[in-house]
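Me: I have a structure to go through with you. Please tie each label to its cut-off.

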Amino acid sequence: HSHDPGITFAKPEIVNANELKVSASVAPDCPPGEHRIRLRTATGWSYLRTLWVGAEPRADETEPNNSAAEAKPMALPICLEGEMKAEDVDVFAFALKKDDVFTAVIESVRLGRGLLDLHMALLDDKRFELASSDDSALTAQDPLLSVTVPADGTYFLHVREAAYEGADGARYRLRAGHWLQPVAMIPNGGQPGTTTPVRFLFANGTESQREVTWPAAGASTTIAFTSDSGQVAPVQLPVRVDPMAVVLEAEPNNSREQASPGATALPVACHGVLACPGDEDWFALPMQKGQAIEIDGWACRLGSPADIAVEAFAPDGKSRGGNDDADGKPDPRFTFTAEVD
C-alpha cells in the first residue's frame with residue numbers, strides 16, 4: 001500500500017515465511033522523491049518504509065572504480081545505485097563542456113536504511129578539486145554540490161564515507177545531471193492556493209524569480225523546481241503553507257526604530273533573510289493587553305542553514321524574553337502574555 005499517489009503494487013509472490021515479492025508500477029506523472037509504503041497483512045500493517053522515485057535513467061555502480069584510472073564514463077542525467085563498503089571509494093567520470101552546470105546529490109541517510117554519512121568531491125582532469133560536500137542544510141547529512149564547469153574536459157566525482165567507514169549492504173543513490181538545484185526560496189511559504197513571486201537561490205550561486213502557487217491546505221509540504229527546459233531538480237524544497245497573512249521584511253530593519261511594518265492583526269507569518277553577519281530583522285506586531293502570544297521560528301525545518309533566535313520587546317523597549325532552541329532542535333519557540341496594548 002502506498003500512502004502517496006503515483007505508485008501501485010501487484011502480483012504478490014510469497015518467497016518464504018519472511019519474504020514477499022511484488023511488482024511496483026510507477027505512473028508517468030508520479031512526483032519524484034520519497035514515497036511512503038506499508039505492507040498490509042491478515043494480522044495488521046507493517047512499519048512504514050520508503051521508496052524513492054527519480055526521473056533519471058538508473059544504473060548500478062560496478063567495481064572496480066576506486067580511482068580515476070578505473071572510473072567508468074557516465075552519461076547525464078543518471079541515477080546510480082551504489083554500495084559503500086569499508087574504506088571504499090567510488091569514482092565516476094563525466095565528459096563536461098565549458099559553462100555546463102553539473103549538479104550531484106546523494107540519497108543515503110535520507111533513505112532511512114542506516115547512518116551512511118557520505119562525502120563527495122568533483123575533480124578536473126588534473127585532479128584539482130572544484131567543489132566538495134559532506135553535509136547540506138537542505139539534505140542534512142547527505143552531500144549536495146553544484147558547479148558551473150570552467151572548461152571542456154573529463155571530470156571525476158569521488159564518493160566515499162566521510163570517515164572511510166562503510167559496510168556490506170550500505171546502499172546509496174547518486175543522482176547527477178545538468179539541473180539547477182535550488183537551495184533556498186524567498187519567501188518559503190504562503191497561504192494555500194495563492195500565487196506569489198518567489199526568488200529561487202541555486203546551489204551554483206545563481207538565482208531566478210518565478211511565480212509559485214502554494215499547495216492547498218493539507219497537501220504536500222514541498223515544492224519541486226522545474227527548469228525552463230522541463231528538468232525537475234532532484235531535491236524538493238520544504239515549504240510552510242498555512243492561512244496566516246504573510247509579511248515580508250523590508251530592509252533596513254536592523255533596529256526597533258526600523259521595524260518592518262505590514263502586520264495588521266495576529267496571527268501572521270513574517271518572512272525574512274539573514275543576509276550577512278550581524279543581521280537582525282525587526283517586525284512591528286499589533287497585540288492587545290492580556291493576549292497570549294506564541295512566536296514559532298521556522299528555519300532548520302525548512303532546510304535553512306540559519307540557527308535563528310527570537311526576542312520580543314514591549315512598546316517601552318523592554319525585553320519580554322525570547323528563545324534560541326526548542327524541542328531539542330535549532331528552531332525557537334517562545335510564549336508570553338502581552339501586558340499592554
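Me: Which strands make up the open sheet of five strands, and in what order?

Reply: The order is β7-β9-β16-β11-β14, with mixed pairing. This is a predicted model, where local features need pLDDT of at least 70, side-chain atom pairs count only at pLDDT 80 or more, and totals for chains, interfaces and linings use all residues. Residues are numbered from 1 along each chain as its sequence is written, and side-chain values use heavy atoms, with hydrogens and water left out.

Me: What makes β7 and β14 the edge strands?

Reply: Each pairs on one side only. β7 covers 58-60 and β14 covers 144-148. Two strands pair if DSSP finds at least two bridges between them. From one strand to the next, the twist averages 20 degrees. Such angles run from 0 to 180 degrees between N-to-C directions, with axes fitted to C-alpha atoms (for helices, over the stretch in contact).

Me: How do you know that β11 and β16 pair?

Reply: Five bridges join strand β11 (residues 101-107) and strand β16 (residues 171-177), in the antiparallel sense. The requirement is at least two bridges, so the two strands pair. Thr103 has Gly177 in β16 as its bridge partner.

Me: How many helices and strands does the chain have?

Reply: Zero helices and 29 strands. Both are DSSP runs, numbered from the N terminus: helices are H or I with at least four residues, strands are E with at least two.

Me: Why is the pair of Phe202 and Phe225 called edge-to-face?

Reply: The ring centres are 5.2 Å apart and the planes make 65 degrees. Rings of Phe, Tyr and Trp (its six-membered ring) pair if their centres lie within 6.5 Å; planes under 30 degrees apart count as stacked, over 60 as edge-to-face and the rest as tilted. At 65 degrees, the pair is therefore edge-to-face. Phe202 lies in strand β19 (residues 195-202) and Phe225 in the loop between β21 (222-223) and β22 (237-238), so the pair ties together parts that are 23 residues apart in sequence.

Me: Why do Phe202 and Phe225 count as buried?

Reply: Phe202 has 7% relative accessibility and Phe225 has 4%. Buried means under 20% relative accessible area, exposed over 50%, partly exposed in between (1.4 Å probe, protein chains only). Phe202 and Phe225 therefore count as buried. Together with Phe200, they form one aromatic cluster.

Me: What makes the pair of Phe334 and Phe336 stacked?

Reply: The angle between the planes is 20 degrees, and the centres are 5.4 Å apart. In the whole structure, a search finds five aromatic pairs.

Me: How do you know that Arg301 lies over the face of Trp298?

Reply: Arg301 is 3.7 Å from the ring centre of Trp298. A charge sits over a ring if NZ of Lys or CZ of Arg is within 6 Å of the ring centre and within 35 degrees of the ring normal. Arg127 likewise lies over the face of Phe156, at 4.8 Å from the ring centre.

Me: Why is His271 called buried?

Reply: His271 has 12% relative accessibility, so it counts as buried. His271 lies in strand β25 (residues 268-271). Beyond its neighbours within four places in sequence, His271 is in contact (heavy atoms within 4.5 Å) with residues including Pro187, Val246 and Phe283.
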